[in-house]
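Please look over the sequence and the model before reading on.

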Amino acid sequence: MWKNRKTAKKLKNVFCSYKICGYNLDGLINALYKCKIKLYNVKKDGKILSLTVKRADEEKLFAITKKLCYNNIVKVGESGKSLFIPFLLRNTGVIIGAIILFISAIFFDDILLDFSYTGSGRTEYQEIERALYIKGVKKFSRFSEIDIPILEDELLSETDSFSFISLKKQGNRLVIESALNSRRQQIQNGNAERIISPFSGVVKSVTVYRGTATVVVGDRVEKGDLLVDGYMTIKESITPCNVLAVITVEEEKKIELYFDDFVDKKYVGTLIDGLYEDADDKRIILKRENGKYKYVVKLYYLRRITE
Amino acid sequence: MGFIDNILQSMGFDQVPSEGYKAVVISESAVYLENVKGLKKYTSDEVEFFLKKGSISVFGKDLFIKKYCFGDAVICGKIEKLQKN
């Protein structure tokens, strides 16, 4: 039964089904009818009468059946369009949980968690990343605070390497599609007979327009190694040519720092960031040596070799 | 005014007294009764209602009262016969 009778009366579209057992069930139907109770789905099966009444008439039903000595009344169920209101009242925890879920879904959908770089300009992603950082767009920024069309224009005007930049929100990720500036690529003169690596490191990208690459992505090269040779294989004949290519090599530098006391890697990282701003990436390894804390910092620089 | 009332009016039956009963059989599946005064008999094969004068019976199989209030009743089931007593 409802504790709050006013609430029960408000639920006009909620129906309750009952099964009543007894004699003279026709008389009971007439008694209910005379009391102006709307009866629905009245079915009689021997001594059992099943019927549905509105919740607002529930009290009347009990009063009449009690007066007529129908004690065996079983509530079978409830139905109706307004049934969700009592459901809400009974399950406040579920409702609060659903509201929290809904709000958190909206809130977390608005938070930038990652960047993704696509297009030919992804090799120069550090430049975009730097520009975004200056603009205040970093991890855990809110998408609602970013005006994407304006940011696209600003990035394009403030960077030199790109002819096209497009930003797109994909879930919690900001997808940055960029194309390298064709004018910048024109600095390739195509007069070199071969490309020799001026750095030691790992090959990250190989784009050869003319010539033959002697390395593939992932190869480790030392300073002085041949990257692109000045010949082309046309059908079965080898023809000498000048080289036209762009190779990206990730150069690695190692620095060792010693501390008497333990220092958190985070602070070492901040120190390194301040000292080596141009490094594209870094990795810090902590070792114990002669009672001191040795921090091996590996700095990575992306070097673009264009000929 | 309902659709049936419109039809009745157009056919000149609008002078039917207000206390007169009305019965509409919908296919073989339902009967709609107006101005009934009470339930006289109810089994799964027969439902009989009091009228102001006499009674009306609905015969059929698996009969049940779909709605019963304020002088109106809808009886559903397999309707076989409607009889004024």
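## The nonpolar core

A nonpolar core is a set of buried Ala, Val, Leu, Ile, Met, Phe, Trp, Tyr and Cys residues joined through C-beta atoms within 7 Å, where buried means that 20 or more other C-beta atoms lie within 10 Å of a residue's own, with C-beta atoms placed from the backbone. The model is predicted, so local features need pLDDT of at least 70 and side-chain atom pairs count only at pLDDT 80 or more, whereas totals for chains, interfaces and linings use all residues. Residues are numbered from 1 along each chain as its sequence is written, and chains are lettered from A and ligands numbered from 1 in the order in which they are written.

The largest nonpolar core has 30 residues, of which A:Ile29 and A:Leu39 touch the most other members. Apart from neighbours within four places in sequence, A:Ile29 is in contact (C-beta atoms, placed from the backbone, within 7 Å) with A:Leu39, A:Val42, B:Leu39 and B:Tyr42.

## Where the chains meet

Eleven residues from chain A and twelve residues from chain B make up the contact. On the side of chain A that touches chain B, the largest share, six residues, comes from E2(A), a strand in the sense of a DSSP run of E, at least two residues long, numbered from the N terminus.

E2(A) pairs with strand E5 (residues 55–69) of chain B in the antiparallel sense over three bridges, pairing being counted if DSSP finds at least two bridges between two strands. A:Val42 stands opposite B:Ile65 in E5(B).

## A sheet in chain A

Three strands of chain A form an open sheet of mixed pairing, in the order E5-E7-E6. Within this sheet, E5(A) and strand E7 (residues 173–180) pair in the parallel sense over five bridges, and A:Asp114 has A:Arg173 in E7(A) as its bridge partner.

Key: Contact = placed C-beta atoms within 7 Å. Helix = DSSP H or I, 4+ residues; strand = E, 2+ residues; numbered from the N terminus. Buried ≥ 20, exposed ≤ 12 C-beta atoms within 10 Å, placed from the backbone.
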